[in-house]
Amino acid sequence: QAAMAKDKMLQQQAFERKKEKWDRRRETGRGADRKNEKDDRRRHKEEKHFRGKEQKELSRHRSTDMKVGLVRGAVAVSIIGIYLAGMAALMRQRDAGGDNSAENSLGWWNFMPHALTVGTAAALAVVCFAGADWRSQLAKEEEQREAANQIKDQLQRKLTEKEREEKMKKWRAQQLKESKERAKRRAKEEAAALLQAKDLAQALRRRREEREAEEARMRAAAASKLGADDGERDSHGWTGTQRQQLLAATAKYPESWSHARKKRWEMISAEVDDQDARSCEATFARLEEEARAAAAAAKADRQKEPKSSGAGPGTNLNDFDWLDGGGGDEELTTMGEDLGDSEEDDEDEEEEEDENRRRMPVELEPDHKGTEIRLEGIKEMQGCATVQVEVLHLQLSCADCRASTRVYLSGVDEDAADAKSWCEGCSGLISVRLRPTLLHRENSRLCYVDCVRCSVTDVLPSVLMSICEACDAPNVHKQEFVRNRMVSSTCRACHVKYAFRAESIRIEAVTPCEPGHGSRGSKQQATSTDDADDPMDEIAEELRWLRKKAKTDPRQQIIKLGSPLPQMGACRHFKKSYKWYRFACCGRAFPCPECHVESGCPAAALGAHASRMICGKCSMEQAYNPARPCEKCSFIMQARGSSHWDGGGGTRSLAAMSTKDAKKFKGGLRQTNSKFKTSSAKSDRVGAKAKAKRDHD
């Protein structure tokens, strides 16, 4: 066996050496292939330049030869014409001379035609063979003209680049100024939010102190009552000690302890002195009825008191206002009439805000902190001068309970560059903020992400934006960026093709995430820092108390699997929504976010969102997805005839669709009523209509 193990180890070592050799050979082959490709590209570029130069010289020579040929032909035709005219004149003079010409026939008349012919032949020879100097002079002038044009183009290009640099410098200065103003405004908003959180924490602290004092008073009263009537029995034959033993036993053995009802009450009766199972069950039902009657009386007393105008978290709100139907329709009708008049104004204001909104500035010299995201192995970057984030889709992991969640961060709008969410596992507040940077051929860094109580685990399919290398026009990629997949299209300004592809994404935590408020890390450091009085700690304490009391809340006891919710899940705010929302911050379910705000949950003002929903027909709790029907009963949890797209479950009529719905003007539903759709203007340029318009102008 030892020999077999040794042989196996030697075979493994030989295989590893062979594998390393193969890897080195493969890497060497890849390097040689890259070098050959580089040499081929350089050779092709040189050949293309040489061919262009030859074609340019050939075209210049052709134009010069054409000019010289034309001049030679014109001069030759002129000489021949002069020769013919001279010969015709001599013939006419000889015919007119008659006999007198015979005397001179042996002299002048025989000499002149020969002399004219010889002169013409000499002139033609000079024209044919004397144009070389002029041709070289024309070629030299053409070369000088081309050199002057090149110098002029270079000067024009330099001037254009200088103007562009000045323009970019002014743009950067403007962006820096705007970023400073945004930072100041954000600091003011954070200070105002902190002040509001402090006021909320003070109100919650007062409420908690009053609640603790009331509970202490009730415990003292119960203890004194128990001491007073310890030996006395009530009309049903029960003492105070037995009642306390019964309550403790029912808490020890709840209904979920066993499916056998008889066995449960036998175990409870074993904990109570001198009482059987049937007596314990009847007495517990009687105590519950008395508690419900006391709660109803207290509610009636509260309803008789005058209601305060404020609806803050410190006020006593009626938790069952959503069950009342009186007055709701009239109030909503009045509100609808008031909102209907100003709907168009709101839409115009939203359109003006969208048009005036400028892109979020990127950090040219970012702080090296937070979580760095890089794109490694960039194989293709054709036609892209720079690349930056348009929409970043991240998967986060909670630092306390490791529960995962997903967020979308915008690289365009600074208000949407950060996101906050409540963890579904521990109900803690986690937040992230995006700091985009420029990615180019010398820098593969895409962005930084600052995390609080969480960490980035993955980058999901996201949207990028690139600057065209030819015309500097921004182009938002129509395809989502995924690892090792090509994203290609054409520039919308100059129609030059661009393509981008990267093999992998590297996520590196440069600095650890901030512990945040109310987390385990902050609790461990509370003894050594001055953050013990932080308002978020008080809010977290209130949320823990709400989650603890969620099971005993009368609103939550209404939810029973198999039975419908009150009003099929609708409320006075959402009349066409047949579902309830489960909020992870307080652990309770409400018909709508407005009801969540009215319940007094302190996290509602901090932007808490629901993570699950409950069917209004069968009370089945499931993941939040309003576009799909219920998983158990296939009930559609939204009313038909909605004026929004609603994931395809609402209206699909563009005429009936709300103007606030993006699907009315974007995506595959672009029709003739789209305000962004282009139309042909050819009829304004050509045709009878255009001609009449030009004549009129």
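Modeller: Two strands are taken to pair here if DSSP finds at least two bridges between them, and that is the sense in which I use the word below. The model is a predicted one, and its chain holds 14 helices and 14 strands.

I would begin with the open sheet, in which 4 strands follow one another in the order S3-S2-S7-S8 with antiparallel pairing. Strand S3 (404–410) and strand S8 (474–476) stand at the edges, and each has a single partner strand, so one side of each is left without a neighbour in the sheet. Ignoring direction, the neighbouring strands of this sheet are turned against each other by 30° on average.

Strand S1 (residues 371–382) pairs with strand S10 (residues 497–509) in the antiparallel sense, over 10 bridges, and Ile373 is placed opposite Ile507 in S10. Strand S9 (residues 487–490) pairs with S10 as well, again in the antiparallel sense and over 4 bridges, with Phe500 of S10 as the bridge partner of Val487. S9 and S10 form a hairpin that has 6 residues between the two strands, and in its turn His495 has a positive phi of about 65°.

Is Glu414 buried or exposed? Its relative accessible area is 15%, and because buried means under 20%, Glu414 counts as buried. Leaving aside residues up to four places away in sequence, Glu414 touches Arg182, Arg186, Met360 and Arg433. The C-alpha atoms of Glu414 and Arg435 lie 9.5 Å apart in space, while the two residues are 21 residues apart in sequence.

For the chain as a whole, 29% of the 697 residues are buried. Among contacts with a separation of 6 or more, those between residues 24 or more positions apart account for 56%.

The crossing of H5 past H6 is right-handed. On the H5 side the contact is made by Gln245, Leu246, Ala249, Thr250 and Lys252, and on the H6 side by Arg264, Trp265, Ile268 and Glu271. By class, the residues of this contact comprise 4 nonpolar, 2 polar and 3 charged.

In the loop between H6 and helix H7 (277–304) lies Asp274, which has a positive phi of about 60° although it is not a glycine. Asp274 is exposed, with a relative accessible area of 69%. Ser634, likewise not a glycine, has a positive phi of about 60° and is found in the loop between strand S14 (621–623) and helix H14 (688–696). With a relative accessibility of 53%, Ser634 also counts as exposed.

Conventions: Residues numbered from 1 in each chain as written. Predicted model: local features only at pLDDT ≥ 70, side-chain atom pairs only at ≥ 80, totals over all residues. Heavy atoms only, no water. Left-handed = near helix turned anticlockwise from the far one by under 90°. Contact = heavy atoms within 4.5 Å. Nonpolar A, V, L, I, M, F, W, Y, C, P; charged D, E, K, R; others polar. Axes fitted to C-alpha atoms, helices over the stretch in contact; angles between N-to-C directions. Buried < 20%, exposed > 50% of the residue type's maximum accessible area, 1.4 Å probe, protein only.
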